[in-house]
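Here are some notes for a colleague who is opening this structure for the first time. Please read each point with the structure in view.

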Amino acid sequence: MRFPALALLLLPAICPAEDLRWFKGNTHTHSLWSDGNDFPDMISAWYKERGYDFLAMSDHNTLNAGEKWVTEASVEKKKIALGLKVLDKYRAKFGADWVETRTNDQGETEVKLKTLEEYRRKLEEPGKFLLVQAEEVSAGFGKAPIHINAVNLAEVIQPKKDVETIRETLRQNLRLIAEEAARTGRPVIAHVNHPNFRWALTADDLAHVVEDRFFEIYNGHPMIYPDGEPSRVDSDHERIWDIANTIRIAELKQPPLYGVGTDDSHNYHGGSSTPGRGWVMVRAAKLEANTLIEAMQRGDFYASTGVTLEDVAYDKAARTLRLKIQGKPGVKYRTEFRGTLKNYDRAVVEVDAPAEDPQPKRLKHGADIGKVLASSDSLEPTYTLTGDELYVRAIIISDQVMENPAQPGYLQKAWTQPVGW
Ligand SMILES: [Zn+2]
Ligand SMILES: [Zn+2]
């Protein structure tokens, strides 16, 4: 920690800054409890062995709880690459005694899925690895998938589908999650997932559904299109984030969105929706679910596809954002400080979307939104706000392609949260 005093200013921390640590985690993962293709304990072990501190298994509309059996045939059918049988890999990893099987009425072998409570006893280690209960609350409006990850949930949430409009469907499901958090007294974050999956959500949707506080600036699934698509105006993730933040702060007097990075992994034996692509780094005093969630609610985290930051500190009094990048030998980094000035041009143009999209029209916003206000090649870039900005955020872009990219050539990056609003 190089800037303890500044970190303290950023954080109304209850402990000295030197006790804070960065914890690496993924909050969006699928297993055989829904449409993922491996056992949740196998997937959790994969993350643990690669140095992740926490993982949230977020299956569609279910917790990893209760009794669920799957046939061996269905498990093998979901596998993509040839090679060892999934069940053999499972037995090799945890031992034959751990794997429970039975024969059903049709004479097929079935395997019992471990519940989170069962596999967390095997895999969790205090201070080293934590499993956080989650669900991908998977609703939809017509052909628009509306998926929200609820992280640190206590009870399963049944989504509400097709409620009046896309925005109202989003809102009602976010309210269900907030109501559960209030009822159980446990902090929960809800992040709206993959706006460009089937072109379901626009920047204006994310701006106006102010119940939302988090969205996926990066999602490792190959059908997510983080760079957008030219026939859908303002569909680039960076534009979506900046437009939503600008409208929220300037027009709606609401806080901006925070950006998370996730895997949304489904395939663990080859395939294209694989783990290890996007994650969050959360700064907290201890590896404990409520503590991590509260740090994320304060905005004390960043999203990454490979760039590591040693420090992110916003000094409110000096209005200065300081970063310290953990440089790797031979790698170049460029930091862009992006934001919108208060006098931005608010004019919009309505543009037709492709006929197959769930949204017939999209709004094209002006070039004043999300401008690069400054850039730096330093490992310790800083930006001091002039007072004209609605907010500023940083994106750190390395010259290295990420490992196993979902989109060819996608670079290792990190995104910090908006400040100065
Ligand atoms: Zn989804
Ligand atoms: Zn998902």
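1. In this predicted model, the largest nonpolar core has 85 residues, and those with the most contacts inside it are Ala150, Leu206, Ala244 and Val282. Strand β6, which covers residues 130–141, supplies the largest share of this core, namely seven residues.

2. Apart from that core lies another one, made of eight residues, and Val75, Val86, Tyr90 and Leu113 are among them.

3. A helix pair deserves attention next. The axes of helix α2 (residues 40–49) and helix α5 (residues 116–123) come within 10 Å and cross at roughly 35°, and the crossing of α2 and α5 is right-handed. On the α2 side the contact is made by Pro40, Asp41, Ser44, Ala45 and Lys48, while α5 contributes Tyr119, Lys122 and Leu123.

4. Three strands form an open sheet in the order β3-β5-β4, with antiparallel pairing. Because β3 (69–71) and β4 (101–103) stand at the edges and each has a single partner strand, one side of each is left without a neighbour in the sheet. From one strand to the next, the twist averages 35°.

5. Within this sheet, how many bridges join β4 and strand β5? The two strands, of which β5 covers residues 109–112, pair in the antiparallel sense over three bridges. As for individual residues, Thr103 has Thr109, in β5, as its bridge partner.

6. A last point concerns Glu180, which lies in helix α6, residues 166–184. Is Glu180 buried or exposed, or does it fall in between? With 18 other C-beta atoms within 10 Å, Glu180 is partly exposed, since a residue counts as buried if 20 or more such atoms lie within that distance and as exposed if there are 12 or fewer. Leaving aside neighbours within four places in sequence, Glu180 is in contact with Leu153, Ala154, Glu155, Ile157 and Val188. The C-alpha atoms of Glu180 and Val312 are separated by 32 Å, and these two residues are 132 residues apart along the chain.

Note on methods: Residues are numbered from 1 along each chain as its sequence is written. Chains are lettered from A and ligands numbered from 1 in the order in which they are written. This is a predicted model: local features need pLDDT of at least 70, side-chain atom pairs count only at pLDDT 80 or more; totals for chains, interfaces and linings use all residues. A nonpolar core is a set of buried Ala, Val, Leu, Ile, Met, Phe, Trp, Tyr and Cys residues joined through C-beta atoms within 7 Å. Helices (H or I, at least four residues) and strands (E, at least two) are DSSP runs, numbered from the N terminus. Axes are lines fitted to C-alpha atoms, for helices over the stretch in contact, and angles run from 0 to 180 degrees between N-to-C directions. A crossing is left-handed if the near helix is turned anticlockwise from the far one by less than a right angle, and right-handed if clockwise. Two residues are in contact if their C-beta atoms, placed from the backbone, lie within 7 Å. Two strands pair if DSSP finds at least two bridges between them.
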